Amino acid sequence: MDTITASLKHFIETNILTDNLQISEDTVLQEIGLDSFSIVEIILFIERKFDLLLPDELLVPETFTSLNTLTQAIHSCQV
Amino acid sequence: MSSVTTTNRPFPEKVYLSGSDCFHLVIDSHAKANKLGGNVMHIALQFDSVLPPTIIIDSLQQSPVIHWLCNIKLKKGLIFSKPYWKYTNNGREIIIDTLSSEIEKTIPTELLNLEMGIKSERFIQGTIVQYANKTSALVISWNHILMDGKGMGLLLNHLQRISSETNESSTEDWNNYFPKTSSSQRKFIDSLWIFYGVKTFIQRSTRGGFKSIATSKVDSTAQAVYQTLRFNPEETIRIDKRAREKGARFGSNLFLLASSIQSVQTILTARNNTGTIWLPIPYDGRKKNAQGPIITNDVAYLFYRLEQPDLKDLETTVLSLQTQMMDEMKINLPSNYKVFLDFMRYFPLWLYYFLVRVNSDKNFASFLYSSTHSNFDQLTNHFNGLVTEINIMAPVVFPPGVTLSFVRQNEQIIANIAYASNCLSEAEYEHLAKSLRINLLDL
């Protein structure tokens, strides 16, 4: 698993999701209950962890669909 | 009928109130002092037919959660100790009344005016409403001190599980019902520091006061009025699309809030009484996908302060809300506010209420607002019936005298406006409702 994906997975499972719930790279995050507040928490985590501000064009629902889409968004900013 | 067995644990004898629960004790005091409003919530599940009452009655009466809720007493504890629920095991069952109504999908006024304060013997009851057009509803009324909207959603899920015919027996986990006892290792001095930080933030956030629709005088003839606006699936899609067009990046909720703010602003403008708008906005503090706790208000708060430039138009308001939301989450304000509220539990209620009144000029907010987000999205069948609509009515709190609440379920949005009749005239209400529709739908 990509290290970025692993970091995101750990953060979401530890801080956002209920105990013992695990997600895969393709899990649709909205379907397991992630809401607008969760998205903000993820954005702030990305800022702190990767020293990265997601640009406006990536602050769209599609970016937060799954761990994979989040990872792709972060990679695109690091290029 | 499925049988329900709990784990071997007995019912908990004592459950401490959370910080948010205790704030509802303050609202209870506020309602008594102002002789209007209160803390009673109502959830209405609308069915497309008349359900046999026995299915509903049996389901509610066999639930251990409902049993516990019907057999508790509020204990204030000794001075500077936390209030708690004491399980009394009086063998009480939930009261389930039956009412008739001519107009479908309405909650009868006598139910909306139900009194169920903290000195009541019961804090939850059910009512089956039968409408003239052969549809029906189950209305569960409860004192907000017991639980929040999310908790009620989880309770409905629990009732669904134990009433399902496919389950011959079901073992429910007590851990899901009650709040976990705090395992925080935080030192007292750290908690005190957080308390001080939050107090300073709130004081700064509310400096100079804020405007609301409430009149300043207590009026014993004032009534609570409840109105509902419904948006069909097509309109709901339009609202969500408009939310994105107006800059709401993280879902439609901030857009719903911005539209509400702008609508209240039109009333204040018409009265030549504009100024700062200040709002504490609750949201579910549970971890996502959790099945509990049910019995508590597990709520976090964000606080929004809007000056006149922020209220220029919808887009500007949405942007301001979004910016403030991110700034407050960056400094962990929601979790710190929970620490603050938990601290306040130790204050005697009279002192707690006094401090709130003194610091807020006797008013809690410009108006009250809540949204169930997607708590009931999946609840389309219950008690063997097709659920056509779920609505939650939040009570009026005076002052500020207006509560706006949104429910989203089954691809529809419902907006409820509860107001005190001494705060808004009928004409002003019509203006507020029209303004809300215009803001949401761009009519």
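Where is B:P399 found in chain B? B:P399 sits in the loop between β15 (385-393) and β16 (402-409) of chain B; strands here are DSSP runs of E with at least two residues, helices are runs of H or I with at least four, and both are numbered from the N terminus. The model is a predicted one, in which local features need pLDDT of at least 70, side-chain atom pairs count only at pLDDT 80 or more, and totals for chains, interfaces and linings use all residues. Residues are numbered from 1 along each chain as its sequence is written, chains are lettered from A and ligands numbered from 1 in the order in which they are written, and side-chain values use heavy atoms, with hydrogens and water left out.

Back to that loop. A cis peptide bond joins B:F398 to B:P399, with omega at about -20°. Another cis bond links B:P399 and B:P400, where omega is about 20°, and B:P400 also belongs to the loop between β15 and β16. Why point these out? Most peptide bonds are trans, and most residues other than glycine have a negative phi.

Positive phi values turn up in chain B too. B:F383, which is not a glycine, has a phi near 50° and lies in the loop between β14 (381-382) and β15. With a relative accessibility of 2%, B:F383 is buried; the label means under 20% relative accessible area, while exposed means over 50% and partly exposed covers what is in between (1.4 Å probe, protein chains only). B:D442 has a positive phi as well, about 60°, and is found in the segment after α12 (426-441). B:D442 is partly exposed, at 49% relative accessibility.

Now for the meeting of the two chains. In all, 22 residues of chain A are in contact with 14 residues of chain B, contact being heavy atoms within 4.5 Å. Together the chains bury about 1700 Å², and carbon and sulfur atoms give 66% of that; buried area is the accessible area (1.4 Å probe) that two parts lose on being put together, summed over both. On the chain A side, A:F37, A:V40 and A:L44 lose the most area to chain B, together 33% of what that side buries.

The rule finds 3 salt bridges across the interface, each a side-chain nitrogen of Lys or Arg within 4 Å of a carboxyl oxygen of Asp or Glu. A:E47 and B:K330 form a salt bridge through their side chains, at 3.6 Å from N to O. Helices α1 and α2 (36-50) of chain A each supply at least two residues of the side that touches chain B, and α2 gives the most, with 9 residues.

What about the nonpolar cores? A nonpolar core is a set of buried Ala, Val, Leu, Ile, Met, Phe, Trp, Tyr and Cys residues joined through side-chain atoms within 4.5 Å. The largest one has 95 residues, and A:I12, A:I42, A:I46, B:L257, B:I261, B:Y304 and B:L440 have the most contacts inside it. Apart from that core lies another of 80 residues, B:M41, B:I145, B:V339 and B:V387 among them. Leaving out residues up to four places away in sequence, A:I42 touches A:F11, A:I12, A:I16, A:L34, A:F64 and A:L70.

A:S7 belongs to helix α1 (residues 3-16) of chain A. A:S7 is buried, at 19% relative accessible area, and touches A:F45, A:K49 and A:F50, not counting residues up to four places away in sequence.
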